[in-house]
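This report goes through one protein model, from single residues to the whole chain. Please look at the sequence and the structure before reading on.

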Amino acid sequence: MRIPRSHLYVPGNDVERLNKSLARGSDAIIVDLEDAIAFDKKDEARALIKEWLPTVSTSVEIWVRINNEIGMKELDVAAIKFSAITGIVLAKTNSIKDVEWLNEKLAGTDIQISALIETAEGVFNAHAIAKGPRVTRLQIGEADLRAEIGTSTDEETTIQFARSAAVFASAAAKINPPVAPVSTNFRDLDTYKISTTLFKKWGYFGRTCIHPAQLKIVNETFTPTDEEMMAAQDIIDRLAAAEGGVCLDARGEMIDEAIAKIARRTLTFKKN
């Protein structure tokens, strides 16, 4: 199963933008009922997506980000046509209890959950959250997390702990790698490309976007090149043909099962 590379956030109260988003080149869209919608506009957004979702026919994955406050999350879930979506992004996931509540509401469906961790409590509970029912991916909401822990927007050392926690929790739970967070500076695409490449090196796969201009960078960064695909296949072939658990790659360096595992992961992320 192909893992989405790019995830484009779209406000849930704008039909025109929702329709246009399906042709922007994103692997997935995230219909936002949370931060993008003012409190007094949330009922309007729920009513809109309740009518819009049944009209959609697309190969683009559709996810819906819902609120996690009592009184709002129930209304959000009730507005979603389950058969029209791939999954739900659960904002401000603090513990396994949040996931279990949503899992009960999704009984009888195959809808996935992407847990968005935005608090210190959520970071420390990341492993349990990743192992929760229906959870296929984690995300870190860095803006809210920075606000809680009191770091500046350009401070990297402290926030890196949360980024790494998501990677380790995902691997331990044997779910997909986490999705990299948004960058609000959509005009500086050079810096965006650098940070996206770093997230890939750190163990992330794919990134959430707030502007269509970011999509091409994300798709290219997380699509293996022909050379990378050929090298990965060569590693698999050499190890399969070797007698014993190790052999040499085309550069004369040692290959073992750990290297082969990385190569298989590369081959999994096939081009569209």
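Which residues does Ser95 touch, not counting residues up to four places away in sequence?

The model is predicted. With residues up to four places away in sequence left out, Ser95 touches Asn125 and Ile129. Ser95 belongs to the loop between strand E4 (87–90) and helix H4 (96–105). Its relative accessibility is 17%, so Ser95 counts as buried, the cut-off for that class being under 20%.

Lys92 is found in the loop between E4 and H4 as well. At 22% relative accessibility, Lys92 counts as partly exposed, a class that lies between buried, under 20%, and exposed, over 50%. The backbone of Lys92 has a positive phi of about 50°, although Lys92 is not a glycine. Most residues other than glycine have a negative phi.

Arg137 is found in strand E6, which spans residues 135–140. With a relative accessibility of 3%, Arg137 counts as buried. Arg137 and Val167 are 30 residues apart in sequence, and their C-alpha atoms are 9.9 Å apart in space. Arg137 is also among the residues nearest the centre of the largest cavity.

## Cavities

How many cavities of 30 Å³ or more does the structure hold? There are three of them. The largest cavity has a volume of about 80 Å³. Its lining is made up of 11 residues, and those nearest its centre are Pro4, Glu61, Gln112, Arg137 and Asn176.

Two elements, strand E3 (61–66) and E6, each supply at least two residues of this lining. Sorted by class, the lining of the largest cavity has four nonpolar, four polar and three charged residues.

## The second largest pocket

The second largest pocket holds about 910 Å³ of space. It is lined by 37 residues, and Ala143, Pro181, Val182, Ser183 and Thr184 are the closest to its centre. Two or more lining residues come from each of strand E1 (6–11), strand E6 (135–140), helix H7 (142–149), helix H9 (189–201) and strand E7 (207–209).

Which element gives the most to the lining of the second largest pocket? That element is H9, with six residues. By class, the lining of this pocket divides into 16 nonpolar, nine polar and 12 charged residues.

## Thr158

Thr158 lies in helix H8, which covers residues 157–173. Its relative accessibility of 41% falls between the limits of 20% and 50%, so Thr158 counts as partly exposed.

Thr158 and Thr223 are 65 residues apart along the chain. Their C-alpha atoms are separated by 29 Å.

## Cysteines

A disulfide is a covalent bond between the sulfur atoms of two cysteines. How many disulfides does a search of the whole structure find? The search finds zero.

Cys209 counts as buried, at 0% relative accessibility. Cys247 also counts as buried, at 15%.

## The whole chain

The protein has 12 helices and nine strands. Its radius of gyration is 20 Å, close to the 19 Å that the globule rule gives for 272 residues, so the protein is as compact as a globular protein of that length. Taken along the principal axes, the C-alpha atoms fill a box of roughly 65 × 45 × 40 Å.

Of the 272 residues, 48% count as buried. Among the contacts with a separation of 6 or more, 64% are made by residues 24 or more positions apart.

Note on methods. Residues numbered from 1 in each chain as written. Predicted model: local features only at pLDDT ≥ 70, side-chain atom pairs only at ≥ 80, totals over all residues. Heavy atoms only, no water. 1 Å grid on protein atoms, 1.4 Å probe; cavity = no way out; pocket = protein on both sides within 12 Å on 5 of 7 lines; lining within 4 Å. Points joined across faces, edges and corners; volume = space filled by probe spheres on them. Helix = DSSP H or I, 4+ residues; strand = E, 2+ residues; numbered from the N terminus. Nonpolar A, V, L, I, M, F, W, Y, C, P; charged D, E, K, R; others polar. Disulfide = S-S within 2.5 Å. Buried < 20%, exposed > 50% of the residue type's maximum accessible area, 1.4 Å probe, protein only. Rg over C-alpha atoms; globule rule 2.2 N^0.38 Å. Contact = heavy atoms within 4.5 Å.
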